[in-house]
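These are my notebook entries on a structure that I looked through feature by feature. I set down each item as I looked it up.

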Amino acid sequence: MSGVNANSLLSPMPRISSSSSSRSNGCKKLSLFSCGVLASSAAVANPSRSSEERVYEVVLKQAALVRELPKRDGETALDWDKTIQNEGISDGNLLDEAYSRCGEVCAEYAKTFYLGTQLMTPERRRAVWAIYVWCRRTDELVDGPNASHITPKALERWEKRLTDLFEGRAYDMYDAALSDTVSKYPVDIQPFKDMIEGMRLDLRKSRYENFDELYLYCYYVAGTVGLMSVPVMGLAPESKASVESVYNAALALGLANQLTNILRDVGEDARRGRVYLPQDELAQAGLCDDDIFRGKVTEKWRSFMKGQIKRARMFFDEAEKGIGELNEASRWPVWASLMLYKQILDSIEANDYDNFTKRAYVGKAKKLLSLPIAFGKAVVAPQISKMW
Ligand SMILES: CC(C)=CCC/C(C)=C/CC/C(C)=C/CC/C(C)=C/[C@@H]1[C@@H](COP(=O)(O)OP(=O)(O)O)[C@]1(C)CC/C=C(\C)CC/C=C(\C)CCC=C(C)C
Ligand SMILES: [Mn+2]
């Protein structure tokens with residue numbers, strides 16, 4: 001691929017600011033906090049409104065947007081793929097070129113995921129690429145080579161650029177692709193704004209008092225990706241599940257991925273002065289920041305890590321419940337990404353919980369093996385169960 005690198009993804013940004021999100025009150029239920037993996041601090045830390053409740057409001061809003069979609073002849077509200085197909089995907093050379101550049105970035109940065117998207121319909125595939133590129137560029141702002149120059153002002157400009165592209169004013173080719181995607185699929189701007197909020201958080205915060213705080217961070221930087229992806233991946237027309245439950249599963253996959261990322265990168269983050277672990281749970285385990293900076297694997301550390309891994313796995317389990325509700329052609333990349341990420345947790349265990357000096361990874365052979373297994377879960381198993 002021709003010259004895609006972190007710098008070239010980030011072209012200059014226009015000025016002006018825009019406001020960030022506001023959320024209203026009033027939600028119900030909760031899931032993984034209350035399941036008692038670790039005595040979670042959510043209710044204690046914020047008795048009035050936990051992060052999980054706040055995020056659940058966003059989930060409800062996203063689900064409502066989908067449910068409110070106008071129905072056209074022969075379509076259900078959940079089957080918007082036909083509409084896109086009827087409108088055709090060739091919108092002129094420039095747009096095709098914009099999408100194919102997104103595909104190149106995706107192929108360069110996320111090879112396995114790119115492969116996974118090959119089973120999706122061409123229009124969904126290119127829409128997922130466009131979302132991927134926007135997320136990657138947003139992440140690069142605080143994680144990439146120019147991260148030390150990124151200020152809140154720069155993030156304001158990035159957000160202004162986001163609102164522009166949602167209104168049809170694209171700044172460059174990658175934005176043009178996303179602008180087209182959000183005009184065709186019922187994708188809401190809120191998760192995108194929230195991801196930028198996560199980048200703001202990264203600029204000003206390097207410690208998390210409890211899981212409630214960490215949950216919100218994980219939602220901002222990764223749960224949002226799940227919410228952005230569902231409208232593009234589409235729901236199975238035959239699905240009987242509620243739209244909320246599918247969004248919840250998507251959210252859970254983003255959270256699980258991010259929690260896994262955090263556990264994999266403990267040593268690397270500590271070297272940057274960052275600890276993305278709940279401080280109260282560290283204290284309960286008899287640990288503190290200094291233990292992390294020292295980086296010695298002790299019994300206390302192993303036991304702490306076991307709890308954290310258990311929680312991440314519970315989020316993966318929650319996510320698995322929703323994959324079968326997605327449009328059939330979208331299930332494979334999701335299963336593949338879930339299986340690959342989940343195996344990072346196995347690898348941390350195999351490293352005897354040394355995530356200070358060893359980077360947990362999934363080897364090529366295991367990666368390759370995961371693809372047909374994911375295919376089996378996504379495509380073959382549902383066909384078999386239809387036959388019975
Ligand atoms: C089909 C599919 C998997 C679609 C998602 C594609 C997509 C839009 C991905 C964007 C990912 C991205 C670049 C996010 C930016 C923030 C970020 C980097 C988050 C971390 C990802 C891992 O990246 P990496 O290992 O490279 O991390 P480093 O920056 O290098 O440290 C994350 C951990 C989060 C990624 C989150 C997802 C892929 C969410 C997936 C959820 C769904 C696709 C919903 C599935 C639906 C159901 C019903 C389960
Ligand atoms: Mn990153």
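**Entry 1. Glutamine 279**

I began with glutamine 279, which I located in helix H14, a helix that covers residues 279-284. I noted first that the model is a predicted one. Is glutamine 279 buried or exposed? Its relative accessibility is 18%, and because buried means under 20%, glutamine 279 counts as buried. I then looked for a partner and found aspartate 289, whose side chain makes a polar contact of 3.0 Å with the side chain of glutamine 279.

**Entry 2. Aspartate 269**

I next turned to aspartate 269, which belongs to helix H13, residues 266-271. Its relative accessibility is 8%, so I recorded aspartate 269 as buried.

**Entry 3. Aspartate 194**

Aspartate 194 is part of helix H10, which runs over residues 190-204. I read a relative accessible area of 0% for aspartate 194, so this residue is buried. Which side chain does aspartate 194 touch through a polar contact? I found that of tyrosine 219, at 2.6 Å. I also checked glutamate 159, which is 35 residues away along the chain; its C-alpha atom is separated from that of aspartate 194 by 9.9 Å.

**Entry 4. The manganese ion**

I then looked up ligand 2, which is a manganese ion. Which residues coordinate the manganese ion? I found Asp139 and Asp143, each through OD, at 2.1 to 2.3 Å. Both aspartates sit in helix H7, and I noted that they are four residues apart, which is about one turn of the helix. I compared their accessibility with the limits for partly exposed residues, which lie between 20% and 50%. Aspartate 139 has a relative accessible area of 23% and is therefore partly exposed. Aspartate 143 has 47% and is therefore also partly exposed.

**Entry 5. Tyrosine 132**

While I was looking at helix H7, I also noted tyrosine 132, which has its place there. Tyrosine 132 counts as buried because its relative accessibility is 14%. I looked up serine 229 as well: it is 97 residues from tyrosine 132 along the chain, yet the C-alpha atoms of the two are separated by 9.1 Å.

**Entry 6. Ligand 1 and its shell**

Which of the 31 residues around ligand 1 come nearest? I listed Phe113, Arg136, Asp139, Asn261 and Tyr341. I then took the polar atoms in turn. A polar side-chain atom of arginine 136 is 2.9 Å from an oxygen atom of ligand 1. For asparagine 261, I found a side-chain N or O atom at 3.2 Å from an oxygen atom of the ligand. For tyrosine 341, a polar side-chain atom lies 2.4 Å from an oxygen atom of ligand 1.

How much of ligand 1 does the protein bury? Taken alone, the ligand exposes 1000 Å², and I recorded that the protein buries 89% of that. I next asked which elements give two or more residues to the shell around ligand 1. They are helix H7 (122-143), helix H11 (211-233), helix H12 (243-264), helix H16 (299-323) and helix H17 (328-350). H12 gives the most, with nine residues.

I sorted the shell by class and found 19 nonpolar, eight polar and four charged residues. I also looked at the domains: domain 1 (90-188) and domain 2 (205-381) each supply at least three residues to the shell around ligand 1.

My final entry concerns the backbone. Most residues other than glycine have a negative phi. I therefore marked the exceptions with that general rule in mind. Aspartate 352 has a positive phi of about 55°, although it is not a glycine. Tyrosine 353, also a residue other than glycine, has a positive phi near 65°. Where do these residues lie? I placed aspartate 352 in the loop between H17 and helix H18 (364-387), and tyrosine 353 lies in the loop between H17 and H18 as well. I recorded aspartate 352 as partly exposed because its relative accessibility is 36%. Tyrosine 353, with a relative accessible area of 10%, is buried.

Note on methods: Residues are numbered from 1 along each chain as its sequence is written. Chains are lettered from A and ligands numbered from 1 in the order in which they are written. This is a predicted model: local features need pLDDT of at least 70, side-chain atom pairs count only at pLDDT 80 or more; totals for chains, interfaces and linings use all residues. Side-chain values use heavy atoms; hydrogens and water are left out. A residue is near a molecule or strand if one of its heavy atoms lies within 4 Å of it. A polar contact is a pair of N or O atoms within 3.5 Å; within protein, one must be able to donate a hydrogen and the other to accept it, and residues adjacent in sequence count only if both atoms are side-chain atoms. Accessible areas come from the Shrake-Rupley method with a 1.4 Å probe; for residues, only the protein chains shown count as cover. Ala, Val, Leu, Ile, Met, Phe, Trp, Tyr, Cys and Pro count as nonpolar, Asp, Glu, Lys and Arg as charged, and the others, Gly among them, as polar. Domain bounds come from an automatic or database domain assignment. Donors are N, O and S atoms within 2.8 Å of the metal (3.2 Å for Na, K and Ca); water is not among the atoms, so sites may look incomplete. Buried means under 20% relative accessible area, exposed over 50%, partly exposed in between (1.4 Å probe, protein chains only).
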